[in-house]
Amino acid sequence: MNSSVNNSGAGKGVGVHPALSAEGIIKRYGGTHALRGVSVSFQRGEVHAIVGENGAGKSTLTHILTGALRADAGSITLDGVPVTLRDPLEGQRLGIRMVHQHDTLVAHLSVTENILLGQLPRGRRSGLIDWAAAHRRAQSVLDEIGYPHFELRALASTLSAAKRQIVEMAKAVSVVPQVLILDEPSASLAHQDIERMYTFVRRLRDHGTAIVYISHRLDEIFELADRVTVLRDGAVTGSLAVANTDKAGLVRLMVGRDIQDLFPQRSMRDPRVALSVRDLQRHGAFEGVSFEVGEAQVVGMYGLVGSGRTEVARCLFGADPLGSGTITWQGRPFAPRSPGDALRAGVALLTEDRLGDGLVRGMSVRDNAALASLPRDCRWGVLDRSRQRHRVDAQVRDLAIRPTNIERDVATLSGGNQQKVVLAKWLLAEATLLILDEPTRGVDIAAKRDIYEVIGRLVDAGTSVLLISSDLPEVLGMSDRILVMREGRIAGAFDRGEANEERLLSCASGLLH
Amino acid sequence: MLKALSNRWAPASGLPLNLQNLVPVISFLALLLAGSVFTEVFLTERNLSNLLRQTVANGLISLGMLIVILTGGIDLSVGAVVALGGVLYAGLTDTLGIVPALLMAVLAGAVAGLINGIVIARFRLQPFIVTLATMGIVRGVVFIYTESPISPAHPAFRALGSALLGPLSTGMLIMLACYLLAGLYLNRTAIGRATVAIGGNVEAVRLAGVNVPRTITVAYAISGLLSALSGAILVSRLGIAQPSLGAAYELDAIAACVIGGAVLGGGGGSVTGTLFGVFTLGIINNLLNLLGVKSFYQDIVKGSVIILAVLLVARKKRA
């Protein structure tokens with residue numbers, strides 16, 4: 001392998017200073033603190049795991065370490081030398097590489113070209129790309145990470161998720177990095193690929209690279225990591241040698257917060273079944289999914305990212321095609337073929353990505369809130385704007401949306417208020433089954449409390465809620481019953497009384513069956 | 001009624017009249033001033049009524065184009081549909097009479113647009129390519145219908161484009177009525193609000209239970225309808241229908257929308273803004289003609305104005 005990075009000037013003082021260290025990193029998005037003064041250092045020849053729940057700040061931290069984001073405050077030192085990373089390219093030049101969890105491959109380029117993007121070898125005389133040399137180099141990188149037989153000429157778009165992940169990895173180590181950051185690398189890999197990745201990561205570590213390993217799966221931390229740092233709500237709650245801890249200890253550091261008073265008190269009733277799902281299946285997404293949601297009941301659905309929760313939700317809402325299985329809703333068979341079908345039956349889905357598919361940026365709060373119930377505001381086919389204003393104003397009051405001016409561009413609102421606008425949209429559509437996918441992601445604590453309170457009120461009035469969340473306290477605090485999904489199946493179901501954080505987390509990561 | 005036409009896309013926060021918003025108005029007034037200073041005839045009644053009549057054709061096409069652009073699309077077939085509407089209106093007038101001929105012409109345009117819309121929305125194809133293809137197809141149909149110009153003998157044939165009702169021509173009144181209706185459509189109907197929202201975030205609109213393919217299809221049908229209507233009024237004014245009519249008209253229509261603040265790809269644009277763009281472009285054309293500027297210089301000037309307008313919109317967005 002090529003080691004051109006070693007002469008990049010960052011190699012001074014090896015062994016004295018940590019390869020990479022961050023000191024007092026603060027990052028805010030609008031009013032929310034993503035990171036509140038995080039300090040952590042990564043040593044050469046060490047696999048350093050970072051764990052934490054969704055929204056704990058892991059990805060914000062890694063983005064700052066690679067230069068993709070700039071911190072509001074704090075400093076980063078590389079081998080004892082303070083550096084300012086203006087963009088990922090600068091990070092790469094200094095030897096910081098990252099294997100992204102999401103896809104960063106160029107779909108219509110070959111494996112070789114993706115691996116060597118921006119550094120394709122060129123003929124000395126002609127200046128033209130030397131494709132033979134390029135394929136040789138790409139092959140040697142793949143050899144290193146344990147894949148001697150790989151379709152170098154295949155287009156990235158034709159590869160499976162697992163193979164794309166392998167190409168991501170090859171891309172990151174096409175030059176031996178000083179620091180390698182892996183973001184949930186095992187999420188899309190099969191068992192034997194994970195083993196190969198471990199082997200390679202260990203070899204890179206022994207070679208002197210500092211490895212930063214982000215993961216949800218506690219198992220692999222004990223298998224691979226030397227050190228582990230736990231993030232919670234944007235702060236470090238512990239940084240310790242893996243040898244000195246155990247799973248229970250980590251879980252406590254990850255979730256141990258006391259916000260019980262956030263959740264509304266509800267009277268529990270013996271619910272009549274409103275929604276019943278039997279053997280729902282869609283190839284490659286989920287299978288054998290059966291559960292029930294009662295009237296005036298909150299059913300929580302917990303699981304890691306990629307466990308199939310969102311796919312089940314989209315299927316119930318008619319946003320994705322139905323596979324096989326039967327759904328019964330309010331006593332009748334239910335097979336929505338479009339979100340319109342679902343909405344007419346009183347089923348609504350609040351998606352996990354409010355900017356991607358929840359809101360129309362550039363349009364007003366009024367327009368966004370009214371979007372799913374426009375026909376209700378019409379008289380003789382013409383929009384009655386004063387009726388619409390009354391309806392939207394009522395929701396703005398109920399949900400305590402700030403500012404109260406409904407003509408404001410929704411993009412100017414804070415994350416929490418934006419989420420309330422999305423919620424208002426579904427409430428105005430008078431949904432009686434609310435599927436909430438990560439309803440409080442990226443939302444500050446005050447808005448969280450408001451949203452919980454509204455959910456509580458709705459449920460008391462008879463609405464059924466399917467609450468999908470990676471936030472353990474939220475699932476535990478809000479749900480009457482909790483389902484845990486893992487790898488496209490329901491791995492466990494708990495009543496309110498028998499569930500706790502450790503049990504849910506273990507069930508979701510496959511420790512408990 | 002002006003309220004119905006006002007721009008509901010832009011949030012009403014802050015001062016409604018900041019300097020950025022005033023730039024088009026100021027340039028518009030500057031154009032009028034330049035016209036009266038540099039030429040003697042610009043402010044004459046004869047020239048102004050001429051200007052208004054000449055603006056009608058592009059005004060109607062631009063309005064349809066705006067509705068399509070709001071959905072994030074583009075309609076390149078408008079010029080050919082203008083010809084379709086024109087030759088059908090002229091060709092059918094003598095046999096069917098004025099009103100049935102006009103209805104047939106407009107209907108044909110709506111059908112052409114409907115086909116655009118169905119192909120684009122149902123099969124999720126790129127509007128640019130689909131309407132580029134239908135531009136060729138419709139033009140071919142027009143030439144099959146007639147290879148030579150049609151000049152009907154019907155005495156009322158020229159009324160649609162030329163007859164004056166007060167200071168305004170029939171065509172101008174029809175155009176203004178269409179703008180009013182379009183303002184109502186976009187701001188005061190459920191499908192209109194969905195049209196505007198689709199350009200901002202199509203997935204959010206789909207998940208809100210809106211029938212997105214139908215909304216998009218209707219937008220293209222409206223564009224076809226207005227283009228054919230424009231063609232009928234145009235041949236009525238000219239007194240003759242050439243099968244080559246309307247070539248490159250899509251460019252002026254897109255330009256008018258952009259000058260009026262519409263964002264290609266969706267996410268902005270208004271009826272009032274487009275009306276502004278249409279008149280701005282019309283005055284530029286008129287002035288250059290009065291000043292005796294050769295047509296290729298006119299193209300250079302118009303091109304520069306478009307880039308300037310896009311620059312202003314881009315700066316506004318970043319601000």
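What share of the contacts in chain B with a separation of 6 or more comes from residues 24 or more positions apart?

1. The share is 78%. Two residues are in contact if their C-beta atoms, placed from the backbone, lie within 7 Å. The model is predicted: local features need pLDDT of at least 70, side-chain atom pairs count only at pLDDT 80 or more, and totals for chains, interfaces and linings use all residues. Residues are numbered from 1 along each chain as its sequence is written, while chains are lettered from A and ligands numbered from 1 in the order in which they are written.

2. Chain B contains 14 helices and two strands; these are DSSP runs numbered from the N terminus (helices are H or I, at least four residues; strands are E, at least two). The radius of gyration of chain B, taken over C-alpha atoms, is 19 Å, close to the 20 Å from the globule rule for 319 residues, so chain B is as compact as a globular protein of that length. The rule is 2.2 Å times the number of residues to the power 0.38. Along the principal axes, the C-alpha atoms of chain B fill a box of roughly 55 × 50 × 35 Å.

3. Of the 319 residues of chain B, 50% count as buried. A residue is buried if 20 or more other C-beta atoms lie within 10 Å of its own, exposed if 12 or fewer, and partly exposed in between, with C-beta atoms placed from the backbone. Val235(B), in helix 11 of chain B, is buried, with 34 other C-beta atoms within 10 Å. Leaving out residues up to four places away in sequence, Val235(B) touches Gly86(B), Tyr89(B), Ala90(B), Ile240(B), Ala241(B) and Leu245(B).

4. Helix 9 and helix 11 (residues 212-238) of chain B pack at an angle of about 95°, with their axes 10 Å apart. Axes are lines fitted to C-alpha atoms, for helices over the stretch in contact, and angles run from 0 to 180 degrees between N-to-C directions.

5. Between the chains, 22 residues of chain B are in contact with 29 residues of chain A. Helix 9 (190-200) and helix 10 (202-207) of chain B each supply at least two residues of the side of chain B that touches chain A.

6. In chain A, nine of the 12 residues of helix 5 are buried, so this helix is largely enclosed by the rest of the structure. The buried residues include Ile166(A), Val167(A) and Met169(A).
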